[in-house]
Amino acid sequence: MHLMEELASGVAHDFNNRLQNMASALSLMRARVAAGCTSDLDSLIEVAERSLVSASKLAHHLMNIGRNTDVQAGNVFQLNDVLLSMNDLLHCAAGDRVDLRLIMSASTTAVRCDPHLLECAIINLVINSRDAMPKGGTITIETSTTCSSEGDNGYRYVTLCVTDSGDGISSDVIAKVFEPFFTTKPNGVGTGLGLPMVRHFVDQARGHIEVHSAPHQGTCVRINLPIATER
Ligand SMILES: Nc1ncnc2c1ncn2[C@@H]1O[C@H](COP(=O)(O)OP(=O)(O)O)[C@@H](O)[C@H]1O
Ligand SMILES: [Mg+2]
């Protein structure tokens, strides 16, 4: 009984992660359609499709329980390239009132992860920043390479920082931002699934995420992804 409960809760968790990805892709599509930015919905549709495929693969694995299959390793690519390819989409998501700046690391930004989930995570962060700046402001997206002081070998990370000059977040709210369905936005605006999806993506890529913020002092979301060795 105990084992069955554990298994059921693990499976429910995995399915939930995939449903969250689908839900956030759909809510982003809805927001973009409402804003009239319909020129490039392909990447979001693809995120939803991939989550669907992934959920059905999970169901398939469950039916073949007993064999331990590998999690998808993802491809190696440059984070800078992904950001550059998203330039128009990001400006569209940020809106007219926001000054969006990209600051690219000159050194390698090679990461290994699911590029579609990465795109979805970046859009989610930009939309959160835009929502925090109803009167406009600045969003800075910066990539860099960080050497962690923790651990014996000083692991190297590719760092993505999304910083805004918005309303900021109080410490009691920061404690809840990764909870699924937690939102401070009005009904129909917030789903509370953005940051949980981002967190899920970062976990999958074996990275770390931190939110730094204080009321009226803007917000900085920092994601560290392990640097990938290129072939
Ligand atoms: N950049 C930001 N500035 C201020 N608050 C933020 C920011 N990003 C996230 N938040 C807070 O975290 C909450 C959860 O975010 P999220 O999971 O993306 O859900 P949603 O955007 O649908 O509310 C938001 O409702 C908001 O209160
Ligand atoms: Mg959000």
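Trainee: How many residues of the shell around ligand 1 are nonpolar, polar and charged?

Mentor: The shell holds 7 nonpolar, 10 polar and 2 charged residues. Keep in mind that this is a predicted model.

Trainee: Which of the residues around ligand 1 come nearest?

Mentor: There are 19 residues around the ligand. Thr183, Thr184, Lys185, Thr191 and Leu195 come nearest.

Trainee: Which helices supply at least two residues of the shell?

Mentor: Helix 5 (115–131) and helix 7 (194–204) each do. Helix 7 gives the largest share, 3 residues.

Trainee: What about polar contacts? Which side chain has an N or O atom 2.9 Å from a nitrogen atom of ligand 1?

Mentor: To read a polar contact, look for N or O atoms within 3.5 Å. Here, the side chain of Asp164 makes that 2.9 Å approach to a ligand nitrogen. Thr191 uses a polar backbone atom, 2.7 Å from a ligand oxygen. Thr219 places a polar side-chain atom 3.4 Å from a nitrogen of the ligand.

Trainee: How much of the accessible area of ligand 1 does the protein cover?

Mentor: On its own, ligand 1 has 530 Å² of accessible area, and the protein covers 92% of that. The space taken by the ligand is the second largest pocket.

Trainee: How many salt bridges does a search of the whole structure find?

Mentor: Start with the general idea. Side chains of opposite charge can pair when their charged atoms come close. In this structure, the search finds 4 salt bridges. One of them joins Arg50 and Asp114, with the closest N and O atoms 3.0 Å apart.

Trainee: Why does this pair tie together parts that are apart in sequence?

Mentor: Arg50 lies in helix 2 (residues 42–63), while Asp114 sits in the loop between strand 3 (110–113) and helix 5, so the pair links parts 64 residues apart in sequence.

Conventions: Residues numbered from 1 in each chain as written. Chains lettered and ligands numbered in written order. Predicted model: local features only at pLDDT ≥ 70, side-chain atom pairs only at ≥ 80, totals over all residues. Heavy atoms only, no water. Near = heavy atom within 4 Å. Polar contact = N/O pair within 3.5 Å; in protein donor to acceptor, adjacent residues only side chain to side chain. Areas by Shrake-Rupley, 256 points an atom, 1.4 Å probe, with all protein chains shown as cover. 1 Å grid on protein atoms, 1.4 Å probe; cavity = no way out; pocket = protein on both sides within 12 Å on 5 of 7 lines; lining within 4 Å. Sits in = over half its atoms within 2 Å of the grid points. Helix = DSSP H or I, 4+ residues; strand = E, 2+ residues; numbered from the N terminus. Nonpolar A, V, L, I, M, F, W, Y, C, P; charged D, E, K, R; others polar. Salt bridge = Lys/Arg side-chain N within 4 Å of Asp/Glu carboxyl O.
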